[in-house]
Amino acid sequence: MPLDAHALLATRAAQLNTDLAAATPQSVLETVFRDARLGEIAMVSSFGAESVVLLHLMAQVDASRPVLFLETAMLFPETLTYQIEVAETLGLSDVRIVRPDATDLFLHDPEGELHKSDTDTCCALRKVKPLELALQDFDGWITGRKRHHGGDRADIAVFEADSGKLKINPLADWSRDDIAAYLDVHDLPRHPLVAKGFQSIGCAPCTDSTMPGEDVRAGRWRSKEKTECGIHLNGARLWPAIQSTKV
């Protein structure tokens, strides 16, 4: 992306952060869906432990908006079932299942064992590249990231500029208590793995339950330095092994 275009997008994000500093998450969503100057916006959801909160907020504004769901072919069966339940419960009418390229999987992970030796490339071909392709039709995307997740998320803004796209984090300043209270007030369906100690839920081989007192994302890539799959690393590509099939 040209530097001047990136600077313009960053300036726009900064202005939105100022203008909507006191806005509720629902007001943020109303703005990004109704302001034509922001272009086409999609929500990206894992349908994980906390996802239903943001999906419910979106459904109150416009349940017909696109929701991109990364089906990596390594998700828990419970997540796949939960995705269908939540979409039906909330009336989400445009959930788009985003899958990894079959050729990429055949060439680079034919046995489905890549996660054991190279988690970065596994995430790249199953999540990063598919999402980059899916987002080509959009000017921005909405995520469920929150500062209470810690790590690289500890100081995120509500609006960010990322790889030529506007990234929106409506729940950036919500705490775990805020999430729990919203779930209770609206009696929203819980991901079934939450009751088994899973606080953050990704692919089955790389997700573990957490112990009381641990960080929310402590069960993701446990015992590894890795804390993010790559889709939130401001455009940094983590897929050297699949450059021959890059977007």
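## Confidence and ground rules

The chain in this predicted model averages a pLDDT of 89, with 91% of the residues scoring at least 70; pLDDT is the predictor's confidence in each residue, from 0 to 100. Residues 235–241 fall below 50, and beyond near neighbours in sequence that stretch has 20 contacts in the model (contact means heavy atoms within 4.5 Å).

Local features need pLDDT of at least 70 and side-chain atom pairs count only at pLDDT 80 or more, while totals for chains, interfaces and linings use all residues. Residues are numbered from 1 along each chain as its sequence is written, and side-chain values use heavy atoms, with hydrogens and water left out.

## The sheet

Let's start with the strands. Six of them form an open, mixed sheet in the order 3-2-1-4-6-5. Helices and strands here are DSSP runs numbered from the N terminus (H or I with at least four residues for helices, E with at least two for strands), and two strands pair if DSSP finds at least two bridges between them. Strand 3 (95–98) and strand 5 (159–162) sit at the edges, each pairing on one side only. From one strand to the next, the twist averages 30 degrees.

Strand 1 (residues 41–44) pairs with strand 2 (residues 67–70) in the parallel sense over two bridges. Met43 has Val67 in strand 2 as its bridge partner. Helix 3 packs on the sheet too, touching strand 1, strand 2 and strand 4, and its direction makes about 150 degrees with that of strand 1. Angles run from 0 to 180 degrees between N-to-C directions, and axes are lines fitted to C-alpha atoms, for helices over the stretch in contact.

Helix 2 (residues 25–34) lies across strand 1, strand 4 (140–142), strand 5 and strand 6 (165–168), running at about 155 degrees to strand 4.

## Helix 3 and its partners

Helix 3 (residues 51–62) and helix 7 (residues 176–186) have axes that come within 9 Å and cross at roughly 60 degrees, so the two are oblique to each other. The cut-offs: under 35 degrees counts as roughly parallel, over 145 as roughly antiparallel, 65 to 115 as roughly perpendicular, and the rest as oblique. On the helix 3 side, Val52, Val53, His56 and Leu57 meet Ile179, Tyr182, Leu183 and His186 of helix 7. That contact divides into six nonpolar, two polar and no charged residues (Ala, Val, Leu, Ile, Met, Phe, Trp, Tyr, Cys and Pro count as nonpolar, Asp, Glu, Lys and Arg as charged, and the others, Gly among them, as polar).

With helix 4 (residues 77–90), helix 3 packs at about 25 degrees with the axes 10 Å apart, so helix 3 and helix 4 are roughly parallel. Val52, Leu55, His56 and Ala59 in helix 3 meet Tyr82, Val86 and Leu90 in helix 4. By class, this contact has six nonpolar, one polar and no charged residues.

## Helix 2 against helix 3

Helix 2 and helix 3 pack at about 55 degrees, axes 9 Å apart, which makes helix 2 oblique to helix 3. Pro25, Gln26, Leu29, Glu30, Phe33 and Arg34 in helix 2 meet Leu54, Leu57, Met58, Gln60, Val61 and Asp62 in helix 3. The class count for this contact is seven nonpolar, two polar and three charged residues.

## Val158 in its loop

Val158 is in the loop between strand 4 and strand 5. Its C-alpha atom is separated by 9.7 Å from that of Ile142, 16 residues apart along the chain. Leaving aside neighbours within four places in sequence, the contacts of Val158 include Asn17, Val28, Arg147 and Lys167.
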